[in-house]
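Biologist: I would like to learn how to read a structure like this one. Could you walk me through it, feature by feature?

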Amino acid sequence: MEKEKMLAGKLYDPSDKQLTEERVRAHRLSRRYNQLDETDEAACAALLQELLHIGEGSMLLAPIQFDYGINTTMGKRCFANFNFTVLDVCPVTIGDDVFFGPNCTIATPLHPLLPEERRLRQHEDGTFYDLEYGKPITIGNDCWLASNVVVCGGVTIGEGCVIGAGSVVTRDIPPHSLAAGNPCKVIRTITEADSVHLKKELF
């Protein structure tokens, strides 16, 4: 089946009936969530439970957009600011206590590099489709991804990382790293010397 191929990172046909139905469901739930008042915490929590696998105490500020939702697992006490987008054709695993700034995108899908392999094809009934594939994304516990960060398919971000604003993460980031840039690169390790308690100007 196309779904099994998709989740396994194989080439698949996204026009498959089951996949189309699951995408439409996620898009509909995303729209419904975006129309809720954020003060209606019970309704927001219930809808997120329907959309994805999400832990207690996590909050996403509308608008959000999920491609499938059911392929995303988010831990406890996470927070995502406005315009959180998750294209989860492959599994997306987010740990506990992860923060996302505005306009962050988690994108597992990939397309062939050769144009002739990327072009639309035609089914026998005349409908069009393309062949795609994806790679999973994992974000460890206690990470902070600042505004406008894009995480690309196949990436693992280790626990305790901070990813600077505007970064495009194309490779794995080791735990407890401060990383930034396009492509995102490790700047240094985060240590106890980074404690806010050592910054007198904050108190």
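**Pockets, fold and backbone**

Modeller: Let us start with a lining: by class, the second largest pocket has four nonpolar, two polar and three charged residues around it. Here Ala, Val, Leu, Ile, Met, Phe, Trp, Tyr, Cys and Pro count as nonpolar, Asp, Glu, Lys and Arg as charged, and the others, Gly among them, as polar. Please keep in mind that this is a predicted model, where local features need pLDDT of at least 70 and side-chain atom pairs count only at pLDDT 80 or more, while totals for chains, interfaces and linings use all residues. Residues are numbered from 1 along each chain as its sequence is written, and side-chain values use heavy atoms, with hydrogens and water left out.

Biologist: Which residues line the second largest pocket?

Modeller: On a 1 Å grid over the protein atoms alone, a pocket is an open set of points where a 1.4 Å probe fits, with protein on both sides within 12 Å along at least five of seven lines; lining residues have an atom within 4 Å of a point. In this case the lining is W144, V162, L178, R188, I190, T191, E192, D194 and S195. The volume is about 220 Å³, taken as the space filled by probe spheres set on the points, with grid points joined across faces, edges and corners.

Biologist: What is the volume of the largest pocket, and which residues are closest to its centre?

Modeller: The largest pocket has about 290 Å³. Of its 17 lining residues, Y33, C44, A45, S58 and M59 are the closest to the centre. The lining comprises 10 nonpolar, four polar and three charged residues. Helix α3 (41-51) and strand β2 (59-60) each supply at least two of the lining residues, and α3 gives the most, with five. Helices (H or I, at least four residues) and strands (E, at least two) are DSSP runs, numbered from the N terminus.

Biologist: Is C44 buried or exposed?

Modeller: Buried means under 20% relative accessible area, exposed over 50%, and partly exposed in between (1.4 Å probe, protein chains only). C44, which is in α3, has a relative accessible area of 10%, so it is buried. Leaving out residues up to four places away in sequence, C44 touches Y33, L36, D37 and E38; contact means heavy atoms within 4.5 Å. From C44 to M59 the C-alpha distance is 8.5 Å, at 15 residues apart in sequence. Also in α3 is A42, and because its relative accessibility is 61%, A42 counts as exposed.

Biologist: How many helices and strands does the chain have?

Modeller: There are four helices and 21 strands. The radius of gyration is 18 Å, close to the 17 Å that the globule rule gives for 203 residues, so the chain is as compact as a globular protein of that length. That radius is taken over C-alpha atoms, and the rule is 2.2 Å times the number of residues to the power 0.38. Of the 203 residues, 38% count as buried.

Biologist: And the backbone: where are the cis peptide bonds?

Modeller: One joins A62 and P63, with omega about 5°, and P63 sits in the loop between β2 and β3 (64-66). Another joins N182 and P183, with omega about 0°; P183 lies in the loop between β20 (177-180) and β21 (185-189).

Biologist: What is the phi of D97?

Modeller: D97 has a positive phi of about 60° although it is not a glycine. D97 is in the loop between β7 (92-94) and β8 (99-100), and counts as partly exposed because its relative accessibility is 24%.
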